[in-house]
Amino acid sequence: MPALKFCANITWLFTDLPEISQRIYAAASAGFQAVEAAWLYDSDLQELQRVKNATGVEVVLINTPLGDAKAGELGLGAVPGREKDFRKGLDLAIQYAKALDCRRIHLMAGRVPVGADRATVAMEMEDSFIKNLKHAADVLTKEGITGLIEPINTRISDPRYFLDSPHQAAAILKKVDHPNIKMQLDIFHWQIMDGNLTQNIQKYFPLIGHIQIAQVPNRNEPDSAGELNFPYLLRLLEELGYMGYIGCEYKPLGSTNEGLGWNL
């Protein structure tokens, strides 16, 4: 069985350091060979390139831009009427990804509008998402980059996020029908929304292009108190032959370095 590989999510880890470039150095010093991040767009791209080259770490994953963060947007992929802005954000994400030799971009779906009934707007939002994902698939294929969609739980983390279960994501991927768009498995979100992790992971494994982990319910280190048996889950991923990186997207209980004992 292949040994699992872990990357540091520097949006969540090493947050005592204010600059992304500082967190990359910290991750490398802690022994990580790769990092991922939600949004790098406030950081100077040339500086990020310099730090990446100096440390030798791989940048595994970035997200598309939020949209209008002040207006409460969290991605634009499934937001009707924002197609031009989605494409503009995708182009920016590709610019950063290419400069950092990053081969995965999380294409964020976005939120159900404030005051809207989810069931009422679901079809229109899904149609917009599918059209945007098909466009992204064509563009990303030419760049050698994989697009990812990630279900985010609506019970704890984000009540208005459009894409909230692996079943919904799988149905959308079937309609997009492109091998370059895959599912991002965040075990934290999947457990909260559906549980049944063994069967869901086995069922959707062929669709999975990236994995992230955190304990439930408090989103701390995998070996912290919680309801998930990570030795079992990680062994399952090994048995299934997962070859990619697993993103450490959790909130450390103390300092990041103090909480890394689970990965020794």
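Me: Why is Asp101 called partly exposed?
Reply: Its relative accessible area is 42%. Buried means under 20%, exposed means over 50%, and partly exposed is in between (1.4 Å probe, protein chains only). So Asp101 counts as partly exposed at 42%. This is a predicted model, where local features need pLDDT of at least 70, side-chain atom pairs count only at pLDDT 80 or more, and totals for chains, interfaces and linings use all residues. Residues are numbered from 1 along each chain as its sequence is written, and side-chain values use heavy atoms, with hydrogens and water left out.

Me: Where is Asp101, and what is its phi?
Reply: Asp101 sits in the loop between H3 and strand E4 (104-106). Helices (H or I, at least four residues) and strands (E, at least two) are DSSP runs, numbered from the N terminus. The phi of Asp101 is near 55 degrees, positive in a residue other than glycine. Most residues other than glycine have a negative phi.

Me: How do you know whether Asn196 is buried, partly exposed or exposed?
Reply: Asn196 has 42% relative accessibility and therefore counts as partly exposed. Asn196 lies between helix H6 (187-193) and helix H7 (197-204), in the loop. Its phi is near 50 degrees, again a positive value in a residue other than glycine.

Me: What makes Leu74 buried?
Reply: Leu74 has a relative accessible area of 13%, so it is buried. Leu74 belongs to the loop between strand E3 (58-63) and helix H3 (83-99). Not counting residues up to four places away in sequence, Leu74 touches Trp39, Leu66, Met108, Ala109, Gly110, Arg111, Asp158 and Tyr161. Contact means heavy atoms within 4.5 Å.

Me: How are helices H1 and H2 arranged?
Reply: Helix H1 (residues 20-29) and helix H2 (residues 45-55) pack at about 10 degrees, with axes 9 Å apart. That makes H1 roughly parallel to H2. Angles under 35 degrees count as roughly parallel, over 145 as roughly antiparallel, 65 to 115 as roughly perpendicular and the rest as oblique. Axes are lines fitted to C-alpha atoms, for helices over the stretch in contact, and angles run from 0 to 180 degrees between N-to-C directions.

Me: Which residues of H1 and H2 meet?
Reply: From H1 come Ile20, Ser21, Ile24, Tyr25 and Ala28. They meet Glu47, Leu48, Arg50, Val51, Ala54 and Thr55 of H2.

Me: Which peptide bond is cis at Pro217?
Reply: The bond from Val216 to Pro217 is cis, with omega near 15 degrees. Pro217 is in the loop between strand E7 (208-213) and helix H8 (230-240).
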